[in-house]
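Here is a short report on one protein chain. Please keep the sequence and the 3D view open while reading.

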Amino acid sequence: MKKSASVFILMMLVIVLLVSMVCYGVRIGDGGLKSIFEENSVIMGLDLVGGTSITFEANAKEGMEAEAPSTDSLDPSVPQETVIDGITDSDMDAVVAILGRRATNANYTEAQVVRLNTAGKNRIRVDIPDVDDAEAALELMGKTAQLTFFYITDAGELVEVLTGDQVKSAVATTDQTLNHVVALQLDDSARQSFAEATRITSQTGSPIYILLDDEIISAPVANEEINSTECVIQGDFDAKSAADLANLISSGNLPCELTAIETRTVGASLGDNAFKQAMTAGIIGIILVMLFMIIMYRLPGVVSALALVAYIALTCICLVLFKVNLSLPAIAGIFLTIGMAVDANVVIFERIKEELNAGKSVKAAVKAGFNRAFTAIIDSNVTTLIAAVVLWYFGTGAIQGFAVTLFLGVVLSLITALFITKVLLNALVGMGVTNIKLFGAKSADKQ
């Protein structure tokens with residue numbers, strides 16, 4: 001009994017700690033976890049705080065149209081790139097990467113850059129919350145990327161080696177040892193200056209810096225003089241980081257121009273009202289769910305209410321910690337999963353009632369209830385997780401926000417139902433709380 005009481009007290013302290021972290025944050029030096037109530041602790045979406053939304057259309061530059069690959073040379077085992085109006089998927093990926101980096105460099109850390117699934121069109125939308133100067137945002141996001149290779153001499157002088165228009169291609173690939181690398185193809189005009197730069201830097205061990213829009217994106221070191229138009233950037237790459245670097249380098253000489261086809265400023269008043277209404281509805285919904293669980297399942301209902309408090313606290317912590325973009329659809333995903341958070345408890349508690357009504361002891365009924373409900377709970381939640389992943393992968397913008405919070409909510413609801421609820425309920429039973437009426441079951445004389 002003492003052990004069960006200790007476990008119960010420890011779990012209650014954990015719940016109190018989680019709520020305290022949400023309300024007051026955690027200070028670790030200059031960083032730590034912000035309180036959910038602190039300004040800018042949660043990233044608000046465009047529909048909540050207003051801002052600027054820009055839609056760009058990518059068009060191939062004259063004389064630089066990409067051609068679709070010949071069907072005679074296609075390898076059916078290798079995915080082929082789509083070419084729309086002379087622009088490939090790789091080009092569009094590079095544009096998305098550079099616009100995202102520009103937004104970050106301009107402190108638009110909440111900006112969302114997504115490629116639109118518009119049939120037959122190469123379009124990208126940039127949503128920048130809490131920014132009212134649409135013209136400044138458009139000028140920044142729509143400018144031509146500037147790529148420069150340079151090194152620094154022993155005297156501290158900057159020597160330009162080549163520019164973005166001298167890079168013919170940058171491709172993520174693997175070398176003979178299957179390490180991920182980025183292969184560069186330069187044009188003939190860059191060969192001499194690149195050979196001279198690698199000769200000097202290889203002797204001094206100095207890097208050749210790759211600068212994109214005034215930010216260094218890579219600093220490889222040449223081991224020897226490279227008198228060729230082909231070279232390889234090696235490093236601690238995985239497939240994604242190599243592809244990201246290749247896209248960034250390619251973006252310095254994209255075969256496309258960005259044309260802003262729509263620029264609009266979204267007001268915050270409607271979003272603010274909707275946010276307040278959503279929060280009010282959510283609080284009412286949470287209270288009603290707790291009351292329903294307590295009325296229907298009594299003591300287990302109280303336990304589920306405590307687990308729901310832990311679930312809400314964990315959700316808030318994740319919103320702050322992982323910088324989840326909180327839009328109205330994302331809020332809808334959170335409140336949807338509040339109901340789902342107790343759904344697993346409903347299945348468990350019904351199984352427990354069935355076992356008690358069948359004459360089992362409370363301890364045996366609780367154990368059997370969790371065991372019997374486990375498979376059904378996992379199956380139902382896995383299908384929801386699959387749906388969330390599909391929505392995130394194929395969706396854009398607000399749909400992805402809904403998918404992220406839905407996925408997060410399902411995972412956290414599983415944790416609270418199969419861990420917190422189970423530990424608290426078993427602890428209460430171990431403390432001698434074994435009156436079956438407290439579990440919503442029928443007494444023996446009424447069976």
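In which strand is the place of Arg-125? Arg-125 belongs to strand β8, residues 123–129. The model discussed here is a predicted one.

Arg-125 is buried: its relative accessible area is 18%, and the cut-off for buried is under 20%. The side chain of Arg-125 makes a polar contact of 3.0 Å with the side chain of Asp-127. Across the strand pair, Arg-125 in β8 is the bridge partner of Val-114. The pairing of β7 with β8 is antiparallel and spans 4 bridges.

These strands sit in an open sheet of 4 strands, ordered β7-β8-β4-β16, with antiparallel pairing. The edges are β7 (112–115) and β16 (256–266). Each has a single partner strand, so one side of each lacks a neighbour in the sheet. On average, neighbouring strands of this sheet are turned by 20 degrees against each other, direction ignored. Helix α4 (residues 134–142) packs on the sheet and touches β4 (51–60), β8 and β16. The direction of α4 makes about 35 degrees with that of β4.

Another open sheet has 3 strands in the order β11-β12-β15, and its pairing is antiparallel. Which strands stand at its edges? They are β11 (167–174) and β15 (230–233). Each pairs with a single strand, so one side of each has no neighbour in the sheet. Neighbouring strands here are turned by 25 degrees against each other on average, direction ignored. Strand β12 (residues 180–186) runs antiparallel to β15, and 4 bridges join them. Gln-185 has Glu-230 in β15 as its bridge partner.

Helix α6 packs on this sheet, with β11, β12 and β15 all touched. The direction of α6 makes about 175 degrees with that of β11. The helix covers residues 239–250, 12 residues in total. From first C-alpha to last, α6 reaches 16 Å, close to the 16 Å expected at 1.5 Å a residue. What caps the N-terminal end of α6? Asp-238 does: one of its side-chain oxygens lies 2.7 Å from the backbone nitrogen of Ser-241. The buried residues of the helix are Ala-242, Leu-245, Ala-246, Asn-247, Leu-248 and Ile-249.

## The β9–β10 hairpin

Strands β9 (residues 147–152) and β10 (residues 158–163) run antiparallel, joined by 5 bridges. Ile-152 stands opposite Leu-158 in β10. The hairpin has 5 residues between the strands. Gly-156 takes a positive phi there, near 85 degrees.

In soluble globular proteins, nonpolar side chains tend to be buried together. Here the largest nonpolar core has 58 residues. Which members touch the most others? They are Leu-308, Ile-352, Val-366, Leu-425 and Phe-439. At least two residues of this core come from each of α1 (2–24), α7 (269–297), α8 (299–321), α9 (328–357), α10 (362–394) and α11 (398–430). Helix α8 supplies the largest share, 14 residues.

Phe-439 shows the packing up close. Beyond its neighbours within four places in sequence, Phe-439 is in contact with Tyr-297, Leu-299, Pro-300, Lys-353, Leu-356, Val-362, Val-366, Leu-425, Val-429 and Val-433. Another core, of 43 residues, lies apart from the largest one. Its members include Ile-54, Ile-124, Leu-186 and Leu-245. Leu-245 is also one of the buried residues of α6.

Most residues other than glycine have a negative phi. Leu-178 has a phi near 65 degrees, a positive value in a residue other than glycine. Leu-178 is in the loop between β11 and β12. Is this residue buried or exposed? Leu-178 counts as exposed, at 65% relative accessibility, because the cut-off for exposed is over 50%.

Arg-298 is not a glycine either, yet its phi is positive, at about 60 degrees. Arg-298 lies in the loop between α7 and α8. With a relative accessible area of 43%, Arg-298 is partly exposed.

Key: Residues are numbered from 1 along each chain as its sequence is written. This is a predicted model: local features need pLDDT of at least 70, side-chain atom pairs count only at pLDDT 80 or more; totals for chains, interfaces and linings use all residues. Side-chain values use heavy atoms; hydrogens and water are left out. The expected span of a helix is 1.5 Å times one less than its number of residues. Buried means under 20% relative accessible area, exposed over 50%, partly exposed in between (1.4 Å probe, protein chains only). A polar contact is a pair of N or O atoms within 3.5 Å; within protein, one must be able to donate a hydrogen and the other to accept it, and residues adjacent in sequence count only if both atoms are side-chain atoms. Two strands pair if DSSP finds at least two bridges between them. Axes are lines fitted to C-alpha atoms, for helices over the stretch in contact, and angles run from 0 to 180 degrees between N-to-C directions. Contact means heavy atoms within 4.5 Å. A nonpolar core is a set of buried Ala, Val, Leu, Ile, Met, Phe, Trp, Tyr and Cys residues joined through side-chain atoms within 4.5 Å.
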